Amino acid sequence: MKPRECRARVAARRALTSEIREVDLAMEDPPAFEFAAGQWISVPLGPKTVRAYTIASTPLEPRRLTLCADLAPNGPGSAWFGRLTPGDSVSFKGPLGGFVYARADARRPLFVAEEIGIVPIRSIVTWLYATGFGRPATLVYWARDRGWLVYDAEFRSVARRYPSFAYHPVVAESAAMVVDRLTPSVDTLVAYVAGGGETINHVRDVLTAKGLDRKAVKWEKFW
Ligand SMILES: Cc1cc2nc3c(=O)[nH]c(=O)nc-3n(C[C@H](O)[C@H](O)[C@H](O)COP(=O)(O)OP(=O)(O)OC[C@H]3O[C@@H](n4cnc5c(N)ncnc54)[C@H](O)[C@@H]3O)c2cc1C
């Protein structure tokens with residue numbers, strides 16, 4: 001899908017925690033927004049200021065997009081997101097980004113998310129299992145404490161319904177340590193890692209040390 005200028009209206013907002021907010025956007029132009037799970041939109045906030053927000057919902061709902069943001073960074077993007085109120089008009093460009101899952105890829109996916117980096121992975125995992133993906137997949141979801149694992153209940157529910165989905169919420173160890181422990185072999189593995197640059201590097205180092213090709217580690221760096 002080619003990126004284009006779009007317009008939507010805020011339909012709802014929800015506080016998932018005191019610092020994490022979801023916003024639903026009802027599409028106006030175009031009325032349905034085609035994208036691939038894992039992609040993001042670019043929001044202009046000023047002449048030289050743009051911020052990226054990933055679509056947390058799935059391509060199955062092209063008329064209504066959900067965004068999810070951590071407001072803790074407290075810069076212009078957080079301030080804008082925190083002010084969004086039902087009825088507000090939002091202009092953006094999208095869809096953008098290549099952190100998407102190729103369904104024809106026969107390798108087994110390992111998803112690794114650090115805190116708000118869960119957003120693209122929530123879209124991908126939800127979309128895959130809602131559309132008949134029966135194959136094994138693993139998710140390692142790290143946060144500083146349980147309260148920051150905002151989509152935990154959803155992933156537990158996916159894991160209950162689909163035994164091939166192995167869900168590992170993590171608070172006590174680092175994501176890289178858990179990936180190391182859970183991955184005795186990197187044979188036919190493809191990894192999707194999203195969050196901060198440091199975690200992405202640690203996870204990639206763990207996997208490449210076991211023999212995984214660097215190109216088999218796909219990443220989305222939020223900060
Ligand atoms: C491809 C892409 C997709 C993104 N998708 C999302 C998303 O879905 N939800 C979301 O909340 N953010 C997302 N981000 C981050 C978002 O674009 C902004 O960077 C973020 O909201 C902070 O913007 P700000 O203007 O408030 O703070 P800034 O003034 O830009 O940043 C302040 C400082 O905080 C750091 N920082 C930014 N985000 C975090 C964080 N979460 N944790 C710790 N430090 C951080 C920055 O590196 C900087 O040092 C995405 C970024 C990229 C590149």
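Q: At roughly what angle do the axes of helix α4 and helix α5 cross?
A: This is a predicted model, in which local features need pLDDT of at least 70, side-chain atom pairs count only at pLDDT 80 or more, and totals for chains, interfaces and linings use all residues. Residues are numbered from 1 along each chain as its sequence is written. Helices (DSSP runs of H or I, at least four residues) and strands (E, at least two) are numbered from the N terminus, and axes are lines fitted to C-alpha atoms, for helices over the stretch in contact, with angles from 0 to 180 degrees between N-to-C directions. The axes of α4 (residues 175-182) and α5 (residues 197-209) come within 9 Å, and they cross at roughly 20°.

Q: Is α4 roughly parallel or roughly antiparallel to α5?
A: The axes of α4 and α5 cross at roughly 20°. Angles under 35 degrees count as roughly parallel, over 145 as roughly antiparallel, 65 to 115 as roughly perpendicular and the rest as oblique. The crossing angle therefore makes the relation of α4 to α5 roughly parallel.

Q: Which residues of α5 make the contact with α4?
A: Residues are in contact if their C-beta atoms, placed from the backbone, lie within 7 Å. From α4, the contact involves A175, A176, V179 and D180. On the α5 side, the residues are T199, H202, V203, V206 and L207.

Q: How many residues of the contact of α4 with α5 are nonpolar?
A: Ala, Val, Leu, Ile, Met, Phe, Trp, Tyr, Cys and Pro count as nonpolar, Asp, Glu, Lys and Arg as charged, and the others, Gly among them, as polar. In the contact of α4 with α5, 2 residues are polar and 1 is charged, while the number of nonpolar residues is 6.

Q: Which residue of β6 is the bridge partner of W40?
A: Strand β3 (residues 40-46) runs antiparallel to β6 (residues 89-96), and 2 bridges join them. S42 has K93 as its bridge partner in β6. For W40, the bridge partner in β6 is L96.

Q: What is the average twist from one strand to the next in the parallel sheet?
A: This open sheet of 5 strands has parallel pairing and the order β9-β8-β7-β10-β11. Its edge strands are β9 (165-170) and β11 (217-221). From one strand to the next, the twist averages 10°.

Q: In which strand does P95 lie?
A: Most peptide bonds are trans. G94 and P95, however, are joined by a cis peptide bond with omega of about 0°. P95 lies in strand β6.

Q: What is the radius of gyration of the protein chain?
A: The radius of gyration is taken over C-alpha atoms, and the globule rule is 2.2 Å times the number of residues to the power 0.38. A compact globule with 223 residues would have a value near 17 Å, which agrees with that of the protein chain, 17 Å.

Technical notes
Contact = placed C-beta atoms within 7 Å. Pairing = 2+ DSSP bridges.
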